[in-house]
Amino acid sequence: MQVEASVLSISGNAHKVRRATVARRSRSRRRMVILACQVLVAVVALLIWQLCATEKLLDPTVISSPGAVFGYLFGEALEGRELWINTYYTMIATVISFGVGSVLGIAAGLICVQFPILEEIGDPFVTLMNSFPRIALAPLFVVWFGIGVLSKVVLAVSVIFFILMLTTIAGGRGVDRNLIALCRSLGAGPWKIFGSITLPSAAPSIFAGLKLGLIYAFLGVIVGEMIASEHGLGQEAMKYSNLFQMNRVLAVLFFLATITTLLATIMTMIERHVLRWQRL
Amino acid sequence: MKQQSAILETLPELPGDGKSAASVVLRIESVSHEYYLDSAGGGETRVHALDDISFTVGQGEFVSLVGPSGCGKTTLLNSIAGLNTVGSGAITLAGQPPRAGRNDVAYMFATDCLLPWRRTIDNVTFAMEVRGVPQAERRDRARHLLDRVGLAGFEMAYPSQLSRGMRQRAALARTFALKSPILLMDEPFGALDAQTKLILEQLLLSLWEEGEQRTTVLFVTHDLHEAVILSDRVLVFSRSPGRLKADTRIPFRRPRDPLGMQGTSDYHEVFSKLWADLGTELLSSTSSAAGAVR
């Protein structure tokens, strides 16, 4: 009877596994359809843009055209040195601010999760500082920290820090109390509970924060560069904007968006691996 | 008591019926507990959850606590586990006051409490890991128990890939892998459908019966049927205030066959006697609940 019952429930699950394979196959077909539609949307959008420019429906000196933008990007820009040097400076600043901002933000968030009293004490200050329009502080940061890497890093960190801190706290708060009770009944200490329950529970929320933080790292750095900077893609875009060379501005921005997308994709891949238990 | 019955036990006395002091594992002495609820009028209502409860549990006994929800049976179990404290009275567990994390006590919750980010086998080893069991032994015990509960082949599955019944099987494996001599269970099968419940009750009985020395089990449930099938003794609690209303010995022989037992007249006799005690509590509970709110 016992064995029979086990076999029953297990063969029931073998069925589930078979259904999963079928589901996976139809899911990959679905993914192909989605990709095809995405390519179509991009092509149509570019065609409309090109048409507006060549037929002079909109002023080509203002909106430029895909031909001019990509012509410049894949010709002069990628073959020259300016774009690469500026990319290098922007990337350095972004990586530093993302790293520093995330580490500090996650650490602050975890401290608040582990010691809720600190979160309560700090709450009004965090809310106040997070409400500060930090982008508007950019000119101030330039005065304080100069036109080098430091001022843009500080600006970006001031944005990322709060994103990571708040998402980490939200994640830590969502811990299943039953799991904590289980750990307590087993005699686990506070740090064991933190490492094996609190941290993994907060991980999905932390990853959401990291993905957002990456985008904001670029935003902070680019804005910093646009205000005043020696180097960087933001500074390059600003320069061509002042010269009214819209194809160059847009080429730089497209290039930047491509890099950001690439990094965001890598981040998603890391997330999928770490949180693989979630997708099943 | 009927003689020569198919399922009735021939031994008149159970090993530890709370009568010989040496074999007493758990002693509850005049335990009372009350808590406060915010009432609609803005004040607080005092809820008398446990009122002067006293009983003992002997070594190797399987004792169920049944009663209407809100009678304080889970509060009592949590206090025995050391997860909370009672207002007054004394609890002695294996000669010591309760403390969370004792090595001789394992607790099984109503929810499976599997960590979603750990594979099934790692969930079973997790409890042993906290208890400090060496790594190689953890693996061996986990594999053996998973095999026993019918989850062989599902070691690498994540909890989200398992059905509710399978998850509770994994929780059983995790609990029994600890080899603790005292087992506290808080409605472990409460969330399962009737069929799965019966299968898991059977599994619990076979796991419990196979140990060299029988584990002492305190089992909280609101399902009288389940209590009768599993237990040596059933303690019926009344509601608001939670008093010990009846302490009934279930005289069925072991090993038991839960499915076969249900059809016998002896089973029905025991069941209806207990139902007479519990049923009045369930019926009166609505009026007393209204009283508490007022």
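How many helices and strands does chain A have? Chain A has eleven helices and zero strands, where helices (H or I, at least four residues) and strands (E, at least two) are DSSP runs, numbered from the N terminus.

The views below show a predicted model, in which local features need pLDDT of at least 70, side-chain atom pairs count only at pLDDT 80 or more, and totals for chains, interfaces and linings use all residues. Residues are numbered from 1 along each chain as its sequence is written, while chains are lettered from A and ligands numbered from 1 in the order in which they are written.

**View 1. Overall form of chain A.** The C-alpha atoms of chain A fill a box of roughly 80 × 50 × 30 Å along the principal axes. Chain A has a radius of gyration of 25 Å, whereas a compact globule of 280 residues would have one near 19 Å; the radius is taken over C-alpha atoms, and the globule rule is 2.2 Å times the number of residues to the power 0.38. Of the 280 residues, 31% count as buried. A residue is termed buried if 20 or more other C-beta atoms, placed from the backbone, lie within 10 Å of its own, exposed if 12 or fewer do, and partly exposed in between. Among contacts in chain A between residues at least 6 apart in sequence, 75% join residues at least 24 apart; two residues are in contact if their C-beta atoms, placed from the backbone, lie within 7 Å.

**View 2. The two domains of chain A.** The assignment gives domain 1 (1–60) and domain 2 (64–278), with bounds that come from an automatic or database domain assignment. The centres of the two domains, taken over C-alpha atoms, are separated by 29 Å. Their contact takes six residues from domain 1 and four residues from domain 2. On the domain 1 side, helix 1 of chain A gives the most, with five residues. The residues of that side divide into four nonpolar, two polar and no charged. For these classes, Ala, Val, Leu, Ile, Met, Phe, Trp, Tyr, Cys and Pro count as nonpolar, Asp, Glu, Lys and Arg as charged, and the others, Gly among them, as polar.

**View 3. The kink in helix 9 of chain A.** Helix 9 (residues 190–227) spans only 47 Å between its end C-alpha atoms, whereas a straight helix of 38 residues would span 56 Å at 1.5 Å a residue. The expected span is 1.5 Å times one less than the number of residues. A kink of about 45° lies at A:Ala203, shortly before the proline A:Pro204; the bend at a residue is the angle between axes fitted to the seven residues ending there and the seven starting there.

**View 4. Two residues of helix 7 of chain A.** A:Thr168 is placed in helix 7 and counts as buried because it has 27 C-beta neighbours inside 10 Å. Leaving aside neighbours within four places in sequence, A:Thr168 is in contact with residues including A:Gly105, A:Leu110, A:Ala202 and A:Ser205. A:Thr168 and A:Ala208, 40 residues apart in sequence, are 9.3 Å apart from C-alpha to C-alpha. A:Arg173 also lies in helix 7 (residues 149–173), but with 15 C-beta neighbours inside 10 Å it counts as partly exposed.

**View 5. The contact between chains A and B.** In this view, 21 residues of chain A are in contact with 26 residues of chain B. On the chain A side, the elements that give two or more residues are helix 1 (2–54), helix 8 (177–186) and helix 9. Helix 8 of chain A provides the largest share of that side, eight residues. By class, the side has twelve nonpolar, seven polar and two charged residues.

View 6. Most residues other than glycine have a negative phi, and most peptide bonds are trans. A:Ser64, although not a glycine, has a positive phi of about 55°. A:Ser64 lies in the loop between helix 2 (60–63) and helix 3 (66–79) of chain A and is buried, with 20 other C-beta atoms within 10 Å. In chain B, which has eight helices and nine strands, phi of B:Asp52 is near 50°. B:Asp52 is found in strand 2 (residues 44–58) and counts as partly exposed, with 14 C-beta neighbours inside 10 Å. A cis peptide bond, with omega about -5°, joins B:Arg254 and B:Pro255. B:Pro255 is found in the loop between strand 9 (244–249) and helix 7 (258–261) of chain B.
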